[in-house]
Structures are given as C-alpha cells and as structure tokens.
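Here is a friendly walk through a few packing details. Have the sequence and the 3D view open as you read.

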Amino acid sequence: MTHLFPDIDDTSSSVRRALEGKHILITGTTGFLGKAVLEKLIRAVPEIGGIHLLVRGNARHPDARERFYSEIASASVFELLRSEDQEGFEAFLEDKVYCVKGELTRPRFGLPDAEYERLTSRIDLVINSAASVNFREELDKALTINTLCLDNVAHFARHGGGIPVVQVSTCYVNGMNSGQVAEDVIKPAGAPIPQSEDGYFQTDALVRLLHDKITDVRSRYSGKQLEKKLVELGIREANHYGWSDTYTFTKWLGEQRLMEALADQSLTIVRPSIIESALKEPMPGWIEGVKVADAIILAYAREKVTLFPGDREGVIDVIPVDLVANSILLAGAEAVSAGQRRRIYQCCSGSMNPISLGEFIDHLMDEARENHAAYDKLFSRQPTKPFIAVNRALFDAAVTGIRVPLSLASKALKMAGQSRELKLLRNLDTTRALATIFGFYTAPDYVFHNEKLMDLAERMGDTDREMFSVDPRRIGWETYLRKTHLGGLNRYALAERRVYSLRARRERRAAVAA
C-alpha cells in the first residue's frame, strides 16, 4: 500500500499502533459514511489484522462478497487507492477484507452458531454505522434498524467477552432541545421518559408501547395506506417525546438501549452533525448521493425552489465526511486501548467554526451566479432568482396563499381538457415537501460542542492530529462551499457511476496466466 503522508513519520501514530493486528467488524459499509471509514482504514492502517464487513445479500447479489465487489469496492471513494497502488489495493482486499453474509436486525446476525462463535472470538472492535437515514421512515422499520438491532450488537459484544463498540449516532438526537449541546446523554425535550441512576433513559416500556400502536395501525390499514399511517405514527410519536422526525427519535432510543446493555463495557458513541462532502480525503469534494443540504441545493439548481423556511442568523452545523471518518477511527483506537467505560463524542463545527445559514446560502448563491458553467451537471443555466430564507410562519402563509389560486387554476385547466399541470404548482409542492422534511434543520436554535473530541485528538498526539484530523477550524467555509462542495456534487454525486469489477479483473488475469 502507498504511504499515506510522505512528510509525516506515521510510525509514531497512536491510532496505527492501537489498531495494528486488530480485527474490526464494520456494519453499514454500503452507505456513504461507512465507505469513507473503510477507505481511510485501508489507506491509513495497512497493518490492520483484518476488516470484517457485515453485508446482506440481495436479489441482485445474493453472495455477500459479490455484493461487496459490486457496490462497495467499485465506489469512487477508492479512486485514490486504485490510482496510486492498484495491485496493493487488490491484494489488501483479498488478504484482509472478510465479507460476512448476515443481517444486523436478526438475532446473532442470522449466522449459523459455529460461524457466530468464530466471529465473536476473533473480533477486537465493532464499528456500527448502519442506519436508516430516512427522516420520514415508517415507524416499524425505523425502530427495527435504528433501535432494536442494537440489542443484537450488544449481544455480540457481550458474547465476545466485552468487545468495545463504537456506535455512530447523530448530533440531532438533541431533538427539540435548544441552547448549548454538550457531549453527554440527551434528555428528551417532550414527554418524560424514566431515567436510570447511570444517566441513560429506560426505553423498554416505551418500545412496547410503540409496538402496540404499530400493531393497532396494522390491524386497521393495508397497502399504501398502511405505509402512510406508519409514517404519520412515527412523526407523531417523535414530536410527542421531543424530536422533529422518526430518524432522530429512533437513533436516540438506540443510544439508550446500548448504554443500558453495555453499562459495564466499553461503549463509544460518535455523533456527527450534517455530513457533507470531503474536505480533503481521499479527494476534496468526494461525496456519494444527495445529502440533507444537497437536496435543497439541487432543487434550487433545477429552478424548483427559491423560498425556504429558515433562520439566516442560526448556526447550521455541517461537517465534512473525512473529519467524521477520522473521529470514528480515533474513537476506535481509544476504545481498544483504554478501559471499559462510556464515552460520547460529537463531530461538528458549530461551536469552534460556526457558519450561519445566511452565510451558507450566500456563498453557494455567489458561486452559482459567477461560475454556474463550471458545474454542468448541477446547473443547466445561470440561476436568475435568489434563494430566500424566511421564518416558518411567513413561509407557510406565502406557500398557502400562492398554492390555493394555482390549484384552482390547475383544476380549471383539467376541466377544459388540458391535463398539463402548472409548473409553478409542481415547484411549490416540491418546496413544501422539502420544507416538511428538512425545515427543522434550517432553523437551528442550538449549538453543538465538540470539546471532548478535540481533547481526544490532543491526547493522540501531533502525528494523529494530521493523519486523522477532526478539527473543524481547518474548514475555510467560502472555499469549501463554493469550490470543494459544489465541485464534489458535480463530479461525484451527479456523475454516472463507473462499474469497476475487481472480480472480473481477477478472472481476466487468471485467464491470461493460464
């Protein structure tokens, strides 16, 4: 494998020393963050003993390793490794990456007993980054993936004799609490939930109640109507207890269940804020898919959204994905080296390098006006309208006031035999849908803190502060948003995925050798 930082003596890295020879089980590597963690681990810690990936087979790729090659190893995040050391990269995947066909939501991951025993005896650290990040998921699905499957993670850790666990959560488990948010257990902002003497909240009774409500909804509805009612139930219950959406509510529940189940073991919770494109590694701007802020940026670029609810003075907390991956690996290195206790770290920018929503918007709009042609997949032409953020009440009044006459006009056109829907009406509906999902995040009245994470980086030493940087002060917002992030959206998120089959390459090489 290639040298990570030619100008740094990486033999002095505390992270590399801690993880050398270790075997790590990682979940969620088909996702954006999971891929970034895997890539950095391969590139930065080539002395790792082994990386075990829990991967579900699917209809297209029933075999876990085949799915790994098709959906993970072929991702653009590995471009640097492939370009600098193709043979080393392939050899590493062959020798040190193990694909475990299993299901996180099933007891013992759905593995045969003998395989489960072998795996628990071999693993030194678990990094769980699997999650459903759908903010309006059906409640039963969100509970299963974000909450209840953590019982299986805890069982695995305990069965293995106390395997340290790094759980990837989100800063937004803060819910509707306002003010300064420390790296600590979060108290619900809504209806009370019983709290233990150890600080975590007891969720068993609440989860049973939620299951009863899910069962009741299932008994009365079916098909698409059932899905709609389960989404509504999730939002209603989340709001009742103090969260804006089902995702953050069920992630908070998951934190509590892990803290209870692993009260006497090593548990580290890493909470990122809004994860966006890479600041530096493996390539500036690297991103996969369309994230929270990007859905709004893309809708503006497509001239579908020009008005949105938000507080221009509020601090919007965005963090590049490489800083998040680094924080997870720092936490993992500490977990395998330090004692058995609970740690909570927040990877965020709001307290140390804040940017307001107004500044965020202005940087992106300035770049769009001045250099739209540089982002040909994002902008088809230069935007002509500003993007305006207004308070929620004004937004709702404006959208309703505009939509009512447009809806009447659309109906009149249809009655006259013209089935063409008014474009402005479609755009309003797009705006309203995005505002329903993301409006909470553009009107922040909280500031996330990361002092404990920064202290961890300080303890790791100078080498790891460079190799595994978590410092948000390194983000220059104007350059990052105008050049790095928009460039990344254009190059990676909106580009057609290149098919890169390592398996096919090996088969060709074998045929030539024969």
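## Where helix 6 meets helix 9

In this predicted model, helix 6 uses L139, A142, L143, N146, T147, L148, L150, D151, A154 and R158 to touch helix 9. On the helix 9 side, the partners are T246, Y247, T250, K251, L253, G254, E255, R257, L258 and A261.

How do the two helices lie relative to each other? The axes of helix 6 (residues 139-159) and helix 9 (residues 246-261) come within 9 Å and cross at roughly 20 degrees. Angles under 35 degrees count as roughly parallel, so helix 6 and helix 9 are roughly parallel to each other. The crossing of helix 6 past helix 9 is right-handed.

## Helix 2 against helix 4

Now turn to another helix pair. Helix 2 (residues 32-44) and helix 4 (residues 79-96) have axes that come within 11 Å and cross at roughly 85 degrees. That angle falls in the range from 65 to 115 degrees, and helix 2 and helix 4 are therefore roughly perpendicular to each other.

From helix 2, E39, I42 and R43 make the contact, meeting L80, L81, F89, F92 and L93 of helix 4. The residues of this contact divide into 6 nonpolar and 2 charged, with no polar ones.

## Strand 11 and its neighbor

If you look for strand 11 (residues 342-347), you will find it mostly covered, with 5 of its 6 residues buried. Strand 11 pairs with strand 7 (residues 267-272) in the parallel sense, over 6 bridges. To locate the pairing on screen, pick V270, whose bridge partner in strand 11 is Y345.

Conventions: Residues are numbered from 1 along each chain as its sequence is written. This is a predicted model: local features need pLDDT of at least 70, side-chain atom pairs count only at pLDDT 80 or more; totals for chains, interfaces and linings use all residues. Side-chain values use heavy atoms; hydrogens and water are left out. Axes are lines fitted to C-alpha atoms, for helices over the stretch in contact, and angles run from 0 to 180 degrees between N-to-C directions. Helices (H or I, at least four residues) and strands (E, at least two) are DSSP runs, numbered from the N terminus. Angles under 35 degrees count as roughly parallel, over 145 as roughly antiparallel, 65 to 115 as roughly perpendicular and the rest as oblique. A crossing is left-handed if the near helix is turned anticlockwise from the far one by less than a right angle, and right-handed if clockwise. Contact means heavy atoms within 4.5 Å. Buried means under 20% relative accessible area, exposed over 50%, partly exposed in between (1.4 Å probe, protein chains only). Two strands pair if DSSP finds at least two bridges between them. Ala, Val, Leu, Ile, Met, Phe, Trp, Tyr, Cys and Pro count as nonpolar, Asp, Glu, Lys and Arg as charged, and the others, Gly among them, as polar.
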